[in-house]
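We will go from stop to stop, picking residues and looking at what surrounds them.

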Amino acid sequence: MADTHAHSVRFVRESMLPEQEPPAAERGVVKWMRLNLFANVQNSILTLIALYCIYWLVTSVFPWFANGIWDAPSIRACREILEGQVGGCFAVLSERWNQLLFGFQYPSELYWRPALAFVLLFVAVAPVLFRKVFPAQMLIFSALYPFIAYYLIWGGSILVPILALLGFVAGYIVYARLVTQSFAMGFFGGIVAAFVVWWLTGFVGESSFLALEPVASRNMGGFMLNLMLGTVCVSLSIPFGIALALGRQSSMPIIKWICVIFIEFVRGVPLITLLFVASVVLAYFLPPGANFDLFVRVVIMITMFASAYIAEVIRGALAALPKGQYEAADSLGLDYPQAMRLIILPQALKISIPGIVNVAVGLFKDTTLVSIISMFDLVGMIRGPILASTEWNGVYWELLGFAALLFFVVCFGISKYSQWLEKELATDHR
């Protein structure tokens, strides 16, 4: 048959042709542009309109950046230097840089303390965010970091964070002893033990042992205040949100209705109202002479607000899990805490990563609302002391653009990390 076929055709090639590059229109940038930008008439029109908008935006904004003034004592000096030309007055950023970061009341000679705490923050969160990269021993520093950061930023005697740490240690020891008998007994026993230690250590008078110069919370400000509120509230709201989500699904009616009422009430109240409660109303319920730190009050209210939303995100993830996962835990003989810790919650948290990150990003941006209760965060500093001064009254775009850039960098970083984490945990598709 092969010979018959060879004699029935006019030409049979006996050697391969040399390889050739594809045509210019089918490779490289030309192919990408043809497929993505000019695939058809409609896409071509939209691409040309988008290019014109980008060109108009760049040609309009570039002179403003290029002619920007970075060294001037006031806005009037900037205008004199510009001599009528278009240009930004970025000198306000270089002159008020420290106030934008640390507020206008934090002692300037102590700037190194919050700066050091900010650097150590990356060391503390690195083993938490990237467990496979950094050794597990670094988690010890992560656990100690909140007390170190408090000592650096607020100052005072080192005994204060040490005694606070002792309360957590005592609570953990009691929890570890009792959890083998009952999870509830270990949980509530640990809380009681911690409060007992804190109450007993409260009798320790003021000490100057290894004391740093104390700084009151009302002197905190600038972007440092936004970072502190965002980091603390996000860290606290996730465990509280998990507890609320599990409580809402509890079979015990009292626990369930307490969680339901808390979630529905907090979600139905604006955050501004809670901040006013923390600033004004809560003081009326305190005993006469009691001094409840405003920063702590704000942290409690923002944490409550974010916990309610995170609880609903996690509740949705718990509802999305197949019933077979619960049955698998029962078939293994696991009790409720073991089933939640080993099987249910890891899957639910993996599903709810986008929702939790969405709440975290919104919470971080909502920290700017504290400016309405006279806490001078980054936006409060811009709206208050800086724009109220005669030197820089009228500089809006430069200051608000700088604030937008800082928040964008942080929020974009959180978003990219969540996307990376989703890929790392997507083990079911590998």
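What follows is a short tour of this predicted model, one selection at a time.

**Stop 1**

Select Val29, Trp32, Met33, Phe38, Leu48, Leu51, Ile54, Val58 and Phe62, and show their side chains: together they make a nonpolar surface patch of about 900 Å². Now colour helix H2 (28–36) and helix H3 (41–66), the elements that each give two or more residues to this patch. Which of the elements gives the most to it? That is H3, with five residues. Next, click on Phe38, a patch member that sits in the loop between H2 and H3. Phe38 counts as partly exposed because its relative accessibility is 32%, and the limits for that class are 20% and 50%.

**Stop 2: a pair at the surface**

Select Arg27 and Glu21. They form a salt bridge, with 3.6 Å between the closest N and O atoms. Arg27 is partly exposed, at 37% relative accessible area, whereas Glu21 is exposed, at 63%.

**Stop 3: a backbone to check**

Go to Glu83, in the loop between helix H4 (75–82) and helix H5 (91–95). Its phi is near 55 degrees, a positive value in a residue that is not glycine. Is Glu83 buried or exposed? With a relative accessibility of 69%, Glu83 counts as exposed.

**Stop 4: a loop residue and its contacts**

Jump to Glu391, found in the loop between helix H18 (378–386) and helix H19 (397–425). Leaving out residues up to four places away in sequence, show what Glu391 touches: Pro73, Ser74, Ile75 and Arg96. For a distance label, draw a line from the C-alpha of Glu391 to that of Ala77; it spans 9.2 Å, although 314 residues separate the two in sequence. Glu391 itself is partly exposed, at 32% relative accessible area.

**Stop 5**

Select Lys132 and Glu424, whose side chains meet in a salt bridge at 3.6 Å, N to O. This pair joins distant parts of the chain: Lys132 is in the loop between helix H7 (112–129) and helix H8 (138–154), while Glu424 is in helix H19, 292 residues apart. Lys132 is exposed at 69% relative accessibility, and Glu424 is partly exposed at 25%.

**Stop 6: a salt-bridge network**

Pick Arg248 and Glu312. Their side chains form a salt bridge of 2.9 Å, N to O. Arg248 belongs to helix H11 (residues 222–248) and Glu312 to helix H14 (residues 294–320), so the pair ties together parts 64 residues apart in sequence. Both Arg248 and Glu312 are buried. Across the whole structure, a search finds seven salt bridges.

**Stop 7: a buried alanine**

Finish at Ala170 in helix H9 (residues 159–178). Why does Ala170 count as buried? Its relative accessible area is 18%, and the class takes in values under 20%. Beyond its neighbours within four places in sequence, Ala170 is in contact with Ala193 and Val197.

Technical notes. Residues numbered from 1 in each chain as written. Predicted model: local features only at pLDDT ≥ 70, side-chain atom pairs only at ≥ 80, totals over all residues. Heavy atoms only, no water. Helix = DSSP H or I, 4+ residues; strand = E, 2+ residues; numbered from the N terminus. Buried < 20%, exposed > 50% of the residue type's maximum accessible area, 1.4 Å probe, protein only. Contact = heavy atoms within 4.5 Å. Patch = residues over 30% accessible without salt bridge, like charges linked within 9 Å, V, L, I, M, F, W, Y side chains within 5 Å. Areas by Shrake-Rupley, 256 points an atom, 1.4 Å probe, with all protein chains shown as cover. Salt bridge = Lys/Arg side-chain N within 4 Å of Asp/Glu carboxyl O.
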